[in-house]
Amino acid sequence: MSGDRDTWEVCMSFFPLFIELHGKEILVVGGGRIAGRRIEALLPFGCRIHVVSPDLSEGLMRRQTEGQLRWSRRTYGVSVLETEQPFFVLAAAGREVNET
């Protein structure tokens, strides 16, 4: 091996985190396809999902209409973390948001 880590090694270097999510506020930044997949994975755990995004995919809009998530129609800014104080944050948006 050349010393460079391949993609598999990088993925496997992450620590699996097992935490109680029931009733906790989870902030998801982004309202597209990737956010949708992550939210679908979170829903069975009973957390309160808050999406911050200017737009929502059709599937997430349906979830919002059904009362399964709260949507703030705005762009993400660091001030969101100061006012919302979520338990956990998932970034499912473009690189410019993920790097802030």
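A residue is called buried when its relative accessible area is under 20%, exposed when it is over 50%, and partly exposed in between. By this rule R63, with a relative accessible area of 21%, is partly exposed. The model described here is predicted, and the chain averages a pLDDT of 81.

**Overall architecture**

- The chain contains five helices and four strands, which follow one another along the sequence in the pattern α-β-α-β-α-β-α-β-α.
- Of the 100 residues in the chain, 28% are buried.
- The chain exposes about 7,100 Å², and 55% of this area is supplied by carbon and sulfur atoms.
- Considering contacts between residues at least 6 apart in sequence, 49% join residues at least 24 apart.

**Confidence of the prediction**

- A pLDDT of at least 70 is reached by 77% of the residues.
- Among the elements of the chain, helix 3 (residues 58-65) has the highest mean pLDDT, 96, while helix 5 (residues 95-98) has the lowest, 50.
- Where pLDDT is low, the predicted coordinates should not be read in detail.

**Salt bridges**

- The structure holds three salt bridges.
- R48 forms a salt bridge with E25, with the closest N and O atoms 3.3 Å apart. Because R48 lies in strand 2 and E25 in strand 1, this pair ties together parts that are 23 residues apart in sequence.
- R70 also forms a salt bridge with E25, at 2.8 Å between the closest N and O atoms. R70 belongs to strand 3 (residues 70-72) and E25 to strand 1, so the pair ties together parts that are 45 residues apart in sequence.
- Within it, E25 is buried at 14% relative accessible area, whereas R48 is partly exposed at 45% and R70 is partly exposed at 37%.
- R63 forms a salt bridge with E40, with the closest N and O atoms 2.6 Å apart. R63 lies in helix 3 and E40 in helix 2 (residues 33-42), so this pair ties together parts that are 23 residues apart in sequence. E40 is partly exposed, at 38% relative accessibility.

- H50 lies in strand 2 and is buried, at 0% relative accessibility. Its side chain makes a polar contact with the side chain of E25 at 3.4 Å. Beyond residues up to four places away in sequence, H50 touches several others, including I26, V28, S72 and E84.
- V51 is also in strand 2 and is buried, with a relative accessible area of 0%. V51 and L69 are 18 residues apart in sequence, and their C-alpha atoms are 7.2 Å apart in space. The residues touched by V51 include L69, I39 and L56.
- S53 is found in the loop between strand 2 (48-52) and helix 3. S53 is buried, with a relative accessible area of 7%, and its side chain reaches the backbone oxygen of D55 at 2.7 Å. Leaving aside neighbours within four places in sequence, the contacts of S53 include G30, G31 and W71.

**A nonpolar surface patch**

- L17, I19, F87 and F88 make a nonpolar surface patch of about 350 Å².
- L17 is found in the loop between helix 1 (7-12) and strand 1 (25-29). Because its relative accessibility is 54%, L17 counts as exposed.

Note on methods
Residues numbered from 1 in each chain as written. Predicted model: local features only at pLDDT ≥ 70, side-chain atom pairs only at ≥ 80, totals over all residues. Heavy atoms only, no water. Patch = residues over 30% accessible without salt bridge, like charges linked within 9 Å, V, L, I, M, F, W, Y side chains within 5 Å. Areas by Shrake-Rupley, 256 points an atom, 1.4 Å probe, with all protein chains shown as cover. Salt bridge = Lys/Arg side-chain N within 4 Å of Asp/Glu carboxyl O. Helix = DSSP H or I, 4+ residues; strand = E, 2+ residues; numbered from the N terminus. Buried < 20%, exposed > 50% of the residue type's maximum accessible area, 1.4 Å probe, protein only. Contact = heavy atoms within 4.5 Å. pLDDT = per-residue confidence, 0-100. Polar contact = N/O pair within 3.5 Å; in protein donor to acceptor, adjacent residues only side chain to side chain.
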